[in-house]
Amino acid sequence: MLHNILKPAVAAASITFLVSSQGFADEARLSLLMDQLRVAEVNESQRLAADIQLEWEKSGSASADLLLSRGNKAMEAGQVQSAIEHFTALTDHAPDFAEGWVSRANAFAHAEMFGPALADLEVALELNPQHFEAIAGLGAILEVIERPTDAYEAYQLVTPIHPHHPAVTEALKRLEPIVMGQKL
């Protein structure tokens, strides 16, 4: 069922490492960090994930960086509609910048606009199939709209990329009895 939401190339993200086509991040550094994340211990994985996030946030454009910053500040201030506007300007300005789509999807999800959030995550994952936060966000939305099996499947796609993702680890534990059934 999840494949109805994600295109097959995106669903294969857990198998194939593809760096975002945006080309703004240091691809060699990002590849190394992603490889390290896959085998890292729990305590090291959070630092690596933060370093990866910093690479993903490199837009290569001062205007895009400003829009991302303004959108993030609006989100922090609880101004979701303003954040959506900033992130929309960002996706218009830099349509190949996956982080803009992920950020707007997050804002849409906070506004309970799940259709647009899912659409933005699909674009983000087409640009960067290894974006574990986008995949985790997909799982979270699927949980909210009461599709636990699809949510579980999405969360499972994160584990080969970021085996110790705290929210995903918790979600898989929470959903396993629902999806797999209770043990007697």
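Are aspartate 120 and arginine 104 buried or exposed?

Modeller: Aspartate 120 is buried, and arginine 104 is buried as well; buried means under 20% relative accessible area, exposed over 50%, and partly exposed in between (1.4 Å probe, protein chains only). This is a predicted model, in which local features need pLDDT of at least 70, side-chain atom pairs count only at pLDDT 80 or more, and totals for chains, interfaces and linings use all residues. Residues are numbered from 1 along each chain as its sequence is written, and side-chain values use heavy atoms, with hydrogens and water left out.

The side chains of these two buried residues, aspartate 120 and arginine 104, form a salt bridge with an N to O distance of 2.5 Å (a side-chain nitrogen of Lys or Arg within 4 Å of a carboxyl oxygen of Asp or Glu). This pair joins distant parts of the chain: aspartate 120 belongs to helix H7 (residues 114-127), and arginine 104, 16 residues away, belongs to helix H6. Helices here are DSSP runs (H or I, at least four residues), numbered from the N terminus.

Arginine 104 also has a place in the packing of H6 against H5. On the H5 side, Val80, Ala83, Ile84, Phe87, Thr88, Leu90 and Thr91 take part, and they meet Gly100, Trp101, Ser103, Arg104, Ala107, Phe108 and His110 of H6 (contact means heavy atoms within 4.5 Å). By class, this contact has 8 nonpolar, 5 polar and 1 charged residues. Ala, Val, Leu, Ile, Met, Phe, Trp, Tyr, Cys and Pro count as nonpolar, Asp, Glu, Lys and Arg as charged, and the others, Gly among them, as polar.

The axes of H5 (residues 80-93) and H6 (residues 98-110) come within 9 Å and cross at roughly 155 degrees; axes are lines fitted to C-alpha atoms over the stretch in contact, with angles from 0 to 180 degrees between N-to-C directions. H5 and H6 are therefore roughly antiparallel (over 145 degrees). Their crossing is left-handed, that is, the near helix is turned anticlockwise from the far one by less than a right angle.

Glutamate 112 is exposed, with a relative accessible area of 61%. Glutamate 146 also has a positive phi, about 60 degrees, although it is not a glycine. Glutamate 146 sits in the loop between helix H8 (132-144) and helix H9 (148-158), and it is exposed at 67% relative accessible area.

Back to charged pairs: the whole structure holds 9 salt bridges. One of them joins the side chains of arginine 29 and glutamate 55, at 3.0 Å from N to O. It links helix H2 (residues 27-39), which holds arginine 29, with helix H3 (residues 42-56), which holds glutamate 55, across 26 residues. Arginine 29 is partly exposed at 36% relative accessible area, whereas glutamate 55 is buried at 2%. Arg29 and Glu55 are linked with Lys58 in a network of salt bridges.

Arginine 38 and aspartate 35 are 3 residues apart in H2, about one turn of the helix. Arginine 38 is partly exposed, with 25% relative accessibility, and aspartate 35 is partly exposed, with 44%.

Technical notes. Helices (H or I, at least four residues) and strands (E, at least two) are DSSP runs, numbered from the N terminus. Angles under 35 degrees count as roughly parallel, over 145 as roughly antiparallel, 65 to 115 as roughly perpendicular and the rest as oblique.
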